[in-house]
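Me: I have a structure to go through with you. Can we start with the terms and then get into the details?

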Amino acid sequence: MQDVKSATYPTIMAEEARSYGAFLARLCRTGQFDGIAKLWEEALPWLCEVMNALGAVVTYEAPPKIKQQYGEIPAPVQASIKAWRQQIRYLQAWMPPAASPISTPPVLLAIESPVESYPLYAIPLWDDNTLVGGVVFVLRERPTTELAKQYVGLIEAVVQIASLSTQLRKMHQRLTHLTLFYDIGQKLTSSLDLREVLHETTALAASVLDADASTLMLVDEKTQELVFEIPIGAAGGVLQQQRIPITQGIAGWVATHGEPVICNDTGHDERFDSQVDAKTGYSTRSVLCVPLQVKGRIIGVLEVLNKRQPEGFNQQDMEWLSTLGVQAAIAIENARLYEDLRREQERIIRVQEQERHALAQALHDGPTATLGAIIMGLHMAQRLLQTKPERIEEQVSYLLELAQAANKELRQKLFELRPVIMQTRGLLAALRSYATQQQETSSFQLHMDLPDSLPELNTTAAEAVFAIIQEAVRNVRKHAQAKNCWVHITTSEEPAVLIAEVEDDGTGFDVHAVERNYEERGSLGLLSMRERAELLGARFTIASPRPNHANGTLVRLEIPMDRLVHAPRQKSPAS
């Protein structure tokens with residue numbers, strides 16, 4: 001078909017340009033507020049009218065996927081349009097993003113039409129240097145070269161508006177997400193209540209991603225299970241505190257591999273496990289799951305289920321949820337640390353109360369009772385002075401013995417609380433002095449197997465070692481019914497460690513049973529020893545019965561020498 005005369009389609013005049021400008025301005029507002037689908041819904045009729053086209057088809061093969069048609073698409077040319085759409089898909093799959101969307105002057109791309117009376121013209125659609133689709137027009141007549149250029153200009157203007165509208169909406173979405181992240185950060189960091197942090201995180205994930213349900217699971221490292229801490233959605237009540245193996249399902253895969261997963265068709269993903277759905281009656285169609293990590297350690301997973309939009313979850317959703325997961329993991333860890341600190345403070349208070357009670361009881365049963373006896377004896381001496389003066393000397397001798405016993409007992413208590421000799425003469429001298437004091441009041445023989453000397457130890461470490469030995473000997477006196485107790489101190493060069501052992505030949509005890517419910521028994525001495533050993537970076541073990549014997553107990557402490565000659569990290573352990 002020959003080009004028609006340019007008079008048939010007069011050149012766009014100034015008033016037409018103003019009219020077009022006004023329409024394009026309206027398209028800008030439509031694209032900004034209603035999206036590109038609505039934009040093309042308004043643009044296609046206008047372009048078809050300007051170009052004298054029978055109809056047009058616009059296709060976006062990238063999210064959000066769009067296929068819109070306006071006017072008549074004659075049957076003879078439908079196959080050509082379909083083939084061109086397939087070509088667009090092929091180019092999308094194999095063409096890398098271009099350096100620029102249009103590297104040559106824009107032109108209408110002619111598609112071979114089986115019917116000469118229906119010329120087809122198309123133009124590719126670009127978004128951020130990436131081919132995303134195309135628009136095809138079925139013209140009534142082949143335009144002149146001049147008109148073709150004008151058509152290209154109009155179409156390019158609409159395409160640019162669509163591209164800019166998409167970018168503007170993306171920027172607006174990113175800004176919204178940034179605002180949300182700020183709000184989320186404020187909410188997550190404003191509370192140290194672990195349950196509140198978990199619930200806030202899970203609810204936000206479902207709300208922002210427009211998902212039907214969401215779940216936050218935490219890893220139980222002891223049992224190697226995932227625990228449904230906060231399930232939001234229809235099956236939430238059923239799943240609360242339920243457990244699954246850490247290798248089960250998509251959540252298990254994410255927890256073990258540390259990588260996020262998008263699954264928009266669970267029926268064709270072998271990682272999906274339907275057991276949870278069978279238990280709850282919930283139907284999971286799509287899943288987005290990300291790991292919760294702190295310093296490379298996976299503490300749980302956050303997943304959202306069944307996105308309400310038909311295209312499912314996308315890469316942007318995964319990036320958003322991953323960012324939320326990073327913030328949530330830090331907040332969860334902080335809340336956990338706060339909970340641990342609060343429990344530790346409560347435990348320390350209990351231990352201090354216990355120690356105060358024990359000290360009060362010891363003073364009441366020992367020095368206080370002795371002082372009471374001395375006071376009574378002094379009253380008796382006053383009466384004897386008047387009635388039987390010859391017995392005064394005997395009474396004074398008795399009172400002197402009581403006073404000396406009370407003094408010794410008080411000095412021993414003070415030594416146990418803080419051995420001053422440790423400051424001046426070191427660990428070995430403190431242990432020998434302690435053995436001498438204990439021997440005078442203990443029902444068993446206390447044997448000290450000590451080296452002649454030790455490297456110079458820092459005071460904090462020496463006091464910790466002394467306190468562990470002291471607690472072990474105290475346990476022998478209270479519970480073991482032993483005849484002998486041995487304290488061994490040795491050193492080795494490879495590895496460079498100090499080994500401290502407290503051994504007795506008493507009845508022994510069930511170590512595992514005691515450790516299991518030690519706090520409930522009302523005494524925290526064993527826990528105190530373990531904590532002090534941890535501060536020293538030491539290996540702490542208890543064997544009962546002791547090795548190669550049928551009775552007794554062996555408490556063994558292996559401390560790296562570098563922790564003894566350098567100050568360990570500070571903490572207030574239970575005494």
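Predicted model: local features only at pLDDT ≥ 70, side-chain atom pairs only at ≥ 80, totals over all residues.

Reply: Helices (H or I, at least four residues) and strands (E, at least two) are taken as DSSP runs and numbered from the N terminus.

Me: What does Gln248 touch?

Reply: Leaving out residues up to four places away in sequence, Gln248 touches Asp273, Gln275 and Val276. A contact here is heavy atoms within 4.5 Å.

Me: Zooming out, how many helices and strands are there?

Reply: The protein has 16 helices and 16 strands. It has 575 residues, and 45% of them count as buried. Of the contacts between residues at least 6 apart in sequence, 62% join residues at least 24 apart.

Me: Where is confidence lowest, and where highest?

Reply: Strand S3 (residues 109-111) is lowest with a mean of 48, and strand S14 (residues 497-504) is highest at 94. The score is pLDDT, the predictor's confidence in each residue, from 0 to 100. The protein averages 79, and 81% of the residues score at least 70.

Me: Which stretches stay under 50?

Reply: One is residues 1-13, for which the model has 25 contacts beyond four places in sequence. Another is residues 98-110, with 22 contacts in the model beyond near neighbours in sequence.

Me: New topic. How many salt bridges?

Reply: A search of the whole structure gives 15. The criterion is a side-chain nitrogen of Lys or Arg within 4 Å of a carboxyl oxygen of Asp or Glu.

Me: What does Arg26 pair with?

Reply: Arg26 forms a salt bridge with Glu42, and their closest N and O atoms are 3.9 Å apart. Arg26 is in helix H1 (residues 14-34) and Glu42 in helix H2 (residues 36-51), so the bridge ties together parts 16 residues apart in sequence. Arg26 is partly exposed at 41% relative accessible area, and Glu42 is partly exposed too, at 23%.

Me: And Arg271?

Reply: Arg271 bridges to Asp269, with the closest N and O atoms 3.0 Å apart. Arg271 is partly exposed at 28%, whereas Asp269 is buried at 14%.

Me: Which residues form a salt-bridge network?

Reply: Glu501, Arg539, Arg556 and Glu558 are linked in one. Within it, the closest N and O atoms of Arg556 and Glu558 are 2.8 Å apart.

Me: How many disulfides?

Reply: Zero, from a search of the whole structure. The test is a pair of cysteine sulfur atoms within 2.5 Å. Cys48 is buried at 3% relative accessibility, and Cys263 is buried at 3%.

Me: What span does helix H12 have?

Reply: H12 (residues 427-441) has 15 residues and reaches 22 Å from its first C-alpha to its last, close to the expected 21 Å. The expected span is 1.5 Å times one less than the number of residues. Its buried residues include Leu427, Leu431, Tyr434 and Gln438.

Me: What does Leu428 contact?

Reply: Beyond neighbours within four places in sequence, Leu428 contacts Leu450, Pro451, Asp452, Ser453 and Leu454. Leu428 is in H12 and is buried at 8%.

Me: Last one, why is H15 called largely enclosed?

Reply: Eight of the 11 residues of H15 (residues 525-535) are buried, so the rest of the structure largely encloses this helix. Among them are Met529, Glu531 and Arg532. Gly537 follows H15, with a positive phi near 65°.

Definitions and conventions: Residues numbered from 1 in each chain as written. Heavy atoms only, no water. Buried < 20%, exposed > 50% of the residue type's maximum accessible area, 1.4 Å probe, protein only.
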